[in-house]
Structure formats: C-alpha cells, structure tokens
Amino acid sequence: MSTSALERYRSQYAEQIARLTEIRDRRIETAFAAVPRENFLPRPPWTTISAGVAIQTADVAGIYDNVLVAIDRERGINNGEPALHATWLDAVAPQPGETVIHVGAGTGYYTAILARLVDPGGHVEAFEYEADLAAQAARNLRDYPPVSVHAGSAFGRPLPEADVIYVNAGVAAPDVEWLKALKPGGRLIFPWQPHQGWGPAMLVRRRAKGFSAKPLMTVGFIACSGTTERPKSNRKPGEAGLAAVRSIWLGADRAPDPTAVAVYDRVWFSSAKVEA
C-alpha cells in the first residue's frame, strides 16, 4: 500500500477519534495521525474487537478505526480502544519536556503517542511485565529516543519522579510508589478495579496538601501483572462510593476518617475534597 494511502487512513482515523472524544488538546489528534498503528501489532491478519464482536481482517483500513486489536487473545492482551486512550491523554495532558511513566506498555503503541506529546525535551519510562511484549516494545520504539523500555513490573518498586503516570492495567488499589513518584501538580490515571474486572478510571493529581481524585468512566482492564499480592481491604466501595471519591490518601500520612469510601492496607479513598 502506498505511503499516501496509509497517511490518509491515519489522518481520517485521528479525525474520527478527535470527533468521538471532543479532545481539548489538538496535539493528541496530530499524534494519532503520525504514529503507524500497524507497526505495533502482530502481522496480519489482525483481529479487531468492537462491542464484543471480533472480526478478522488483513486490510490495514480495518485497524484505523475505534477498535481494540488483539495482541494475544489467549492472554487477553489487546491494543486498547483509541477513543478511551485519547480521553485519558486529554485528561492527564502530557506536555513537552515532561517525564511520563507508562505502566503496562504492551507493544508500545500508546507509549509512542505519549513520546510525541512530551517531545521536545521529555522522556517516557515504559514498563511491561510480560518479557516478550517488552522485547517487542523495545524494538518498536527504537526510533523514539525519548523512551526507555523496562522489562518488569512497575508495582512495588521506587520510581523516578514523574509529571504523568499512565497505567494500563487494572488494580484493586494504586501502588503507594506511584503516588510518591508524582511531582507537585503531577497526574496519575489508572483503572481502579475493586470489583472483579471493572471499576472507574481514576484521575489523580498531587496537590500541596494531598492527592485529589476524580472518577472519569467505567472501564475493564486486564489485571496488573507482577503485583506480589492483592492489597488487603478493610472496606470495599459500592457503586455510589466509587462515584463519590474525591481524594486518595497514604495511610502513613493520614489515618482513615469518617469520609473513607474504601480502605486498603496502605492507601484509602475519601469522599472529601483536598484543599487547594
């Protein structure tokens, strides 16, 4: 297929994603138009998934749509839905010169988009627990110099200071090291899945006096690999509790109080706002 035809597909795809999500930062649309999705996927034929329906296609036009694309169906690993990621990227707003930690990088497609958003001067630290996927990501991202790929878990380990932490794996509670790594004003987005396989995407921001939190949308992600154990919960939230969260606290900094919605061994969620 000609280069011009591929560029046309990517441009139309990026316009579609921007239209679906009403993103505020037009650089996100530009990044989707620039990064070749096919370079981060298995060889065709590809399996695309939309609304639970899987379709096999060898036509590159089929992957330039708002669809999941299977990376490994047996392990349940997919290249995620573009509109969801565009919404998340708009929410965390990576800026040129910033440092991003990407947890659950897969084969690197959304890592590449993050790299474009923090260029010039920025850097992406990409973590992928599955060794084969990490190796593929390292190959796929070799022409993206602001990226370092780490084959291993980003859970339970000290991390470099970051402006953005972008988590693409479901967790029962955020790792305390993610919260500690955020710079002042830093943003964290992760799929909070206190119930089996689903929960809200949580947008967290480090404020001067704590961590504000806001649920964005209900999502379902594959569970985060490499966690040593599921965090102990003294209190699990119902649906109303999930929607009520406005802050997250480290247990070492502040003990749970009557505003607690969910309490884990090292972190807890509150319905109270953080003072600016």
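In which sense do strand β1 and β2 pair, and over how many bridges? I noted first that the model is predicted. Strand β1, residues 46-50, pairs with β2 in the antiparallel sense, and the pairing runs over five bridges. Within this pair, I found threonine 48 opposite isoleucine 55 of β2.

I then looked up the sheet as a whole. It is open, has four strands in the order β2-β1-β3-β4, and its pairing is antiparallel. β2 (53-57) and β4 (77-79) are at the edges with a single partner strand each, so one side of each has no neighbour in the sheet. On average, neighbouring strands are turned by 40 degrees against each other, direction ignored.

Next I turned to threonine 111, which I located in helix α4, residues 109-118. Is threonine 111 buried or exposed? Its relative accessibility is 0%, and because buried means under 20%, threonine 111 counts as buried. I recorded a polar contact of 2.8 Å between the side chains of threonine 111 and histidine 102. Beyond four places in sequence, the contacts of threonine 111 include His102, Val124, Leu141 and Val147.

Last, I examined the nonpolar cores. The largest has 50 residues, and Phe32, Trp88, Leu89 and Ile113 are among those with the most contacts inside it. The element that gives the most to this core is α4, with eight residues. Not counting residues up to four places away in sequence, isoleucine 113 touches Ala31, Phe32, Val35 and Leu89. I also noted a second, separate core of 32 residues, which includes Val171, Val204, Val267 and Phe269.

Definitions and conventions: Residues numbered from 1 in each chain as written. Predicted model: local features only at pLDDT ≥ 70, side-chain atom pairs only at ≥ 80, totals over all residues. Heavy atoms only, no water. Pairing = 2+ DSSP bridges. Helix = DSSP H or I, 4+ residues; strand = E, 2+ residues; numbered from the N terminus. Axes fitted to C-alpha atoms, helices over the stretch in contact; angles between N-to-C directions. Buried < 20%, exposed > 50% of the residue type's maximum accessible area, 1.4 Å probe, protein only. Polar contact = N/O pair within 3.5 Å; in protein donor to acceptor, adjacent residues only side chain to side chain. Contact = heavy atoms within 4.5 Å. Core = buried A, V, L, I, M, F, W, Y, C linked by side-chain atoms within 4.5 Å.
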